[in-house]
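Here's a quick briefing to read alongside the model.

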Amino acid sequence: MDKKKAVRDYHRNLAVTAGIILLIFIAIPIFVKSPYILNVFVLVFYMSTLSMAWNLLGGMTGQNSLGHAAYMGLGAYASCLLVVRTGINPWLSAVAGMVAVAVVAGVIFYPCFILRGPYFTLVSIAFGEAIRQFIINSEFFGRASGVGLPYGKDSWIDFRFGSKVPYYYVGLAMMILIYAFMKKIERSKIGYALKTIREDEDAAAAIGINPIKYKIMAVVISAMVAALVGFFYASYIRYIDPELMIQAKSTEAVLPAIVGGAAFVEGPIIGGLIMIPLSEFLRATYSAILPGINMLMYAVVLLVVIRFRPAGILGWYMNSRAKQFVDERILKKPSVEVIEEVEMAGGR
Amino acid sequence: MSDTPIIEVSHITKRFKGLTAVKDVSFTIKRGAITGMIGPNGAGKSTTFNMICGYYPPTEGKIFYDGKDITDKKAYDYTNMKVSRTFQIMKPLKNLSVLDNVVASAWFGHAAAKNERQAREKAMEVLQFTGLYEKRHVLSKDMGTPDQKRLEMARALATSPQLLFLDENMAGLNPAETEEAIKLIRRINESGVTIFLIEHIMQAVVSLCEEVIVLHHGEKIAVGTPDEVMNDPYVMEVYLGVKKEDADA
Ligand SMILES: Nc1ncnc2c1ncn2[C@@H]1O[C@H](COP(=O)(O)OP(=O)(O)OP(=O)(O)O)[C@@H](O)[C@H]1O
Ligand SMILES: [Mg+2]
């Protein structure tokens with residue numbers, strides 16, 4: 001059947017394209033030796049991942065969180081403190097940190113989902129600030145001066161390196177894994193429940209979705225991913241302090257998703273690839289002359305995107321001639337009907 | 001067992017702040033049949049409907065399903081009990097395609113799909129049945145009222161109900177579309193689904209319903225076959241009065 005072949009070819013083209021992009025990313029550290037540029041990539045990887053965590057709530061569930069820096073920070077603290085105080089392996093501490101943050105987020109947000117409306121956003125802001133204040137005032141958490149991780153010989157077991165290259169690859173792997181995970185969620189029962197809740201909570205309840213239950217699931221998953229990013233960040237920077245959780249950091253988690261397109265799982269990655277290098281470039285170039293210029297630029301870009309492309313870059317791309325060109329000429333994508341027919345008939 | 005009515009509503013009252021929207025209403029819904037509820041605007045039809053469907057609890061009274069008290073069940077428990085509903089004010093999942101609207105439903109209910117493939121197959125089947133198949137890739141917000149009404153029904157059907165509640169599913173349809181909708185409802189009923197519907201369009205009520213309940217100012221004023229009810233002097237008075245208002249509006 002040539003329809004079957006067309007669909008098979010299309011999937012092959014997709015896989016090849018994804019493979020080429022992946023190869024480029026894998027090859028970058030081989031050619032780029034500048035630690036400054038590698039650092040920008042590492043930033044892109046973990047900030048995009050954090051933004052994907054945000055997007056599960058903001059984009060898929062329609063619950064805007066302004067507290068993701070706090071989950072990330074808590075994850076960082078939980079795993080750092082465990083490593084420093086008990087000497088357990090950092091990889092294990094990452095898991096423990098994720099579980100701890102999941103519990104905290106679930107317990108704190110359960111009551112606020114009983115109410116509908118903007119309460120979640122308000123509580124998420126208060127949550128972030130409360131956690132920060134608590135840490136600043138807690139001896140156990142090292143107060144305002146923070147916690148440092150031990151330096152030492154390069155080691156995979158201790159996830160500790162002098163060079164940025166291993167962090168580059170671990171960050172890239174983390175971003176890809178979380179992307180695959182989010183993609184899986186999007187197409188699953190949970191994903192449909194979350195999207196239905198985003199569109200209309202009454203309609204959701206009418207088809208059998210308990211909105212509170214699924215919103216809690218989304219918060220918990222999102223917070224766990226943010227905690228994982230926190231672990232990665234702490235292992236990379238090797239030092240954390242409560243500044244990690246200031247409100248501006250939570251906003252930074254939102255921007256890649258909004259700019260890239262919050263309706264798409266890919267949105268945070270596309271937005272991150274654009275916004276973070278831009279921000280870093282501006283910071284490096286102008287911050288000595290004009291402190292805060294990168295934040296100003298963030299604000300301007302955000303305003304421009306919301307004004308002209310409210311659905312983000314991908315929202316624009318999906319209806320653009322560019323996509324038409326890519327689909328027809330590069331990917332050779334058959335019509336939706338043909339893909340559907342082949343998928344329903346053959347069972348992929 | 002099959003003698004017990006599928007739904008028994010016993011003395012339900014709903015008060016919103018000062019306003020009593022439904023006053024001490026009792027009736028039953030016969031298994032396998034199509035039962036209608038009519039009444040002028042603001043009579044309390046949707047309020048009654050919403051109480052039975054768990055959208056909000058009655059202030060007083062009890063509701064039984066298959067003889068079991070379901071007064072305190074939550075709205076999201078219903079599809080697991082094989083009961084499903086539509087909304088008078090349509091609630092399409094606006095930014096999702098028609099197909100995804102229905103796939104979302106197919107994941108839930110007592111016969112919920114176990115995987116993506118099952119959910120899609122179920123959705124496709126329902127889309128064929130409701131005549132939305134050709135529009136499956138359209139965003140639901142881009143469709144007109146008749147199709148959105150159909151989509152409400154398709155979403156409800158994708159949860160495989162044995163009892164279906166339709167709130168004014170034909171309002172705003174032209175005569176040809178109404179005729180289509182009547183046929184569809186009859187087909188759903190013939191497939192074994194008990195139906196309870198609220199409708200203003202008399203033609204539909206008369207041709208579909210075995211039994212009709214009439215509400216007025218929150219009270220039940222008549223019950224019987226469409227013929228009996230339409231010839232009831234009180235109903236005629238209430239109803240003809242309102243019909244004129246409707247025509248003026
Ligand atoms: N949530 C609510 N809060 C306050 N009052 C309400 C609420 N819902 C309905 N009402 C009032 O209760 C009364 C009955 O409304 P209901 O929607 O049940 O009427 P209806 O018979 O469905 O009318 P229609 O034919 O216009 O749909 C109306 O006076 C309405 O304003
Ligand atoms: Mg009504």
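A cavity here is a set of grid points where a 1.4 Å probe fits but cannot get out, and its lining residues have an atom within 4 Å of a point. Keep in mind that this is a predicted model. A search of the whole structure turns up three cavities of 30 Å³ or more and 25 salt bridges over all chains.

**Second largest cavity**

- This one has a volume of about 60 Å³.
- Its lining is made up of S79(A), C80(A), V83(A), P90(A), S93(A), L149(A), D158(A), F159(A), F231(A), A234(A), S235(A) and R238(A).
- Three elements of chain A give two or more residues each to that lining: α3 (68–86), α4 (90–114) and α9 (211–237).
- Sorted by class, the second largest cavity is lined by seven nonpolar, three polar and two charged residues.

**Largest cavity**

- The largest cavity holds about 90 Å³ of space.
- Chain A brings D202(A), A205(A) and A206(A) to the lining, while C53(B), Y55(B), A75(B), Y78(B), V83(B), S84(B), R85(B) and F87(B) come from chain B.
- Two elements supply at least two lining residues each, namely α8 (201–207) of chain A and β6 (83–85) of chain B.

**Magnesium site**

- The magnesium ion (ligand 2) has S46(B), through OG, and Q88(B), through OE1, as its protein donors, at 1.9 to 2.1 Å.
- Q88(B) has a relative accessible area of 31%, so it counts as partly exposed.

**Salt bridge between the chains**

- R187(A) and E116(B) pair up through their side chains in a salt bridge, at 2.6 Å from N to O.
- This pair joins two chains, because R187(A) belongs to helix α6 (residues 165–187) of chain A and E116(B) to helix α3 (residues 116–130) of chain B.
- Both partners are partly exposed, with R187(A) at 39% relative accessibility and E116(B) at 25%.

**Salt bridges within chain A**

- E341(A) and K3(A) form a salt bridge at 3.0 Å, N to O.
- E341(A) is in helix α15 (residues 336–346) of chain A and K3(A) is in helix α1 (residues 2–31) of chain A, so their bridge ties together parts that are 338 residues apart in sequence.
- E341(A) is partly exposed at 42% relative accessible area, and K3(A) is partly exposed at 32%.
- R12(A) and D9(A) also meet in a salt bridge, this time at 3.6 Å, N to O.
- About one helical turn separates R12(A) and D9(A), because they are three residues apart in helix α1 of chain A.
- R12(A) counts as partly exposed at 48% relative accessibility, and D9(A) is partly exposed too, with a relative accessible area of 21%.

Definitions and conventions. Residues are numbered from 1 along each chain as its sequence is written. Chains are lettered from A and ligands numbered from 1 in the order in which they are written. This is a predicted model: local features need pLDDT of at least 70, side-chain atom pairs count only at pLDDT 80 or more; totals for chains, interfaces and linings use all residues. Side-chain values use heavy atoms; hydrogens and water are left out. On a 1 Å grid over the protein atoms alone, a cavity is a set of points where a 1.4 Å probe fits but cannot get out, and a pocket is an open set with protein on both sides within 12 Å along at least five of seven lines; lining residues have an atom within 4 Å of a point. Grid points are joined across faces, edges and corners, and a volume is the space filled by probe spheres set on the points. Helices (H or I, at least four residues) and strands (E, at least two) are DSSP runs, numbered from the N terminus. Ala, Val, Leu, Ile, Met, Phe, Trp, Tyr, Cys and Pro count as nonpolar, Asp, Glu, Lys and Arg as charged, and the others, Gly among them, as polar. Donors are N, O and S atoms within 2.8 Å of the metal (3.2 Å for Na, K and Ca); water is not among the atoms, so sites may look incomplete. Buried means under 20% relative accessible area, exposed over 50%, partly exposed in between (1.4 Å probe, protein chains only). A salt bridge is a side-chain nitrogen of Lys or Arg within 4 Å of a carboxyl oxygen of Asp or Glu.
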